[in-house]
Amino acid sequence: MSSEIVTGEGRAGFGGYETWYRVSGNLDADKAPIVILHGGPGAAHNYVDAYKLLARRGRAVIHYDQLGCGNSTLLPDKGADFWTPRLFIDELENLVDHLGIRGGFHVLGQSWGGMLGAEYGVTRPKGLKSLTIANSPASMKLWVEEANRLRADLPMDVQETLTRHEQAGTTDHPDYQQATMVFYERHVCRIVPFPAEVTETFAQVVRNPTVYNVMNGPNEFHVIGTLKNWSIIDQLPAVDVPTLIISGRYDEATPATVQPFKDGIEGSRWQVFEHSSHMPHVEEQDLCMRVVGDFLDDNDN
């Protein structure tokens, strides 16, 4: 097959707003399309762009920007009561119907996208063939516990800078941002300097911080947003489609945060990428595309 990836963009109306999406490959291909759910919340599609490479195996790959970020409708004045997992499930369902793929599709969610994917999976949506949960925690309580454990391994001066600014409420200070980057280079993306698509996602969050700040907080380990008590653990047995779980050996989504997915979803398979942190699709791209592509091929029928 040609290595060229044909793409097209569009917008799906959603409750008076618009969801931007991009299709790589042919929606009419024999293989079922896959929808990619980005993380953040509010990080936009840029950093998971590599998953378009799955289109080289003859299936359409659908990226989209969730409401409130990227190329979709930005709603900086909406409050915490608006930004809920249910909103994003409804947006995904709307996109599936807009694209006419209800007859059969796969979902891959990365980080927050995997949390959303799990939320979606437990509803047993019509047409869902498989679920891939990539680099995601099953509960934010576990996530914060593990983030604090990883943080305790940072150099002492970095820890002190983080704590000082968090206590002072000055998490926008350049020194705090620089200290945060030490954690990110260990546990978010170990390719330094970050690739362009990863850098663009960070810049996008700075431009459109509403969703991330409201639902998560100022960064990956200081979680003070509306998701701080989120958990899907008790509902996981409801997922009834083949499920692939992905994490990296150095991932901020540590084994303790991921294990409940393996325990709770019957028949699920867990792949650890030995040379990756939070972004195997960037850090071990060829292997990641092969693992995910093979899983999708095995579960098309």
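**Briefing: sheet, helices and local features**

The end C-alpha atoms of residues 33–284 lie 23 Å apart, and this span is 38% helix and 13% strand, where helices (H or I, at least four residues) and strands (E, at least two) are DSSP runs numbered from the N terminus. According to the unreviewed UniProt entry, the annotation "domain: AB hydrolase-1" covers residues 33–284; UniProt positions are given in the numbering used here, feature names are shortened, and annotations may be inferred rather than shown by experiment. This is a predicted model, in which local features need pLDDT of at least 70 and side-chain atom pairs count only at pLDDT 80 or more, while totals for chains, interfaces and linings use all residues. Residues are numbered from 1 along each chain as its sequence is written, and side-chain values use heavy atoms, with hydrogens and water left out.

- Eight strands form an open sheet with the order 1-2-4-3-5-6-7-8 and mixed pairing, where two strands pair if DSSP finds at least two bridges between them.
- The edges are strand 1 (7–14) and strand 8 (269–273), each of which pairs on one side only.
- On average, and with direction ignored, neighbouring strands of this sheet are turned by 20 degrees against each other; axes are lines fitted to C-alpha atoms, for helices over the stretch in contact, and angles run from 0 to 180 degrees between N-to-C directions.
- Strand 2 (residues 17–24) pairs with strand 4 (residues 61–64) in the antiparallel sense over four bridges, and valine 61 in strand 4 is the bridge partner of serine 24.

**Helices on the sheet**

- Helix 1 packs on the sheet and touches strand 1, strand 2, strand 3 (34–37), strand 4 and strand 5 (105–110), while its direction makes about 125 degrees with that of strand 1; contact here means heavy atoms within 4.5 Å.
- Helix 2 lies across strand 3, strand 4, strand 5 and strand 6 (128–134), and it runs at about 140 degrees to strand 5.

**Helices against helices**

- Two packed helices are described by the angle between their axes and the distance between the axes.
- Helix 1 (residues 85–99) and helix 2 (residues 112–121) pack at an angle of about 75 degrees with their axes 10 Å apart, and they are therefore roughly perpendicular to each other, since angles under 35 degrees count as roughly parallel, over 145 as roughly antiparallel, 65 to 115 as roughly perpendicular and the rest as oblique.
- Their contact is made by Pro85, Phe88, Ile89, Leu92, Glu93 and Val96 of helix 1 together with Trp112, Leu116, Glu119 and Tyr120 of helix 2.
- Helix 3 (residues 140–151) and helix 8 (residues 255–264) pack at an angle of about 155 degrees with their axes 8 Å apart, and they are therefore roughly antiparallel to each other.
- In this second pair the contact is made by Leu142, Trp143 and Glu146 of helix 3 and by Ala256, Thr257 and Pro260 of helix 8.

**Salt bridges**

- The structure holds 17 salt bridges, a salt bridge being a side-chain nitrogen of Lys or Arg within 4 Å of a carboxyl oxygen of Asp or Glu.
- One of them joins arginine 22 to aspartate 49, with the closest N and O atoms 2.9 Å apart.
- This pair links distant parts of the chain, for arginine 22 is in strand 2 and aspartate 49 is in the loop between strand 3 and strand 4, 27 residues apart.

**Backbone details**

- Most residues other than glycine have a negative phi, and most peptide bonds are trans.
- The peptide bond from glycine 40 to proline 41 is cis, with omega near -5 degrees, and proline 41 lies in the loop between strand 3 and strand 4.
- The peptide bond from valine 192 to proline 193 is also cis, with omega near 0 degrees, and proline 193 lies in the loop between helix 5 (174–187) and helix 6 (196–207).
- Serine 111, a residue other than glycine, has a positive phi near 60 degrees and is found in the loop between strand 5 and helix 2.
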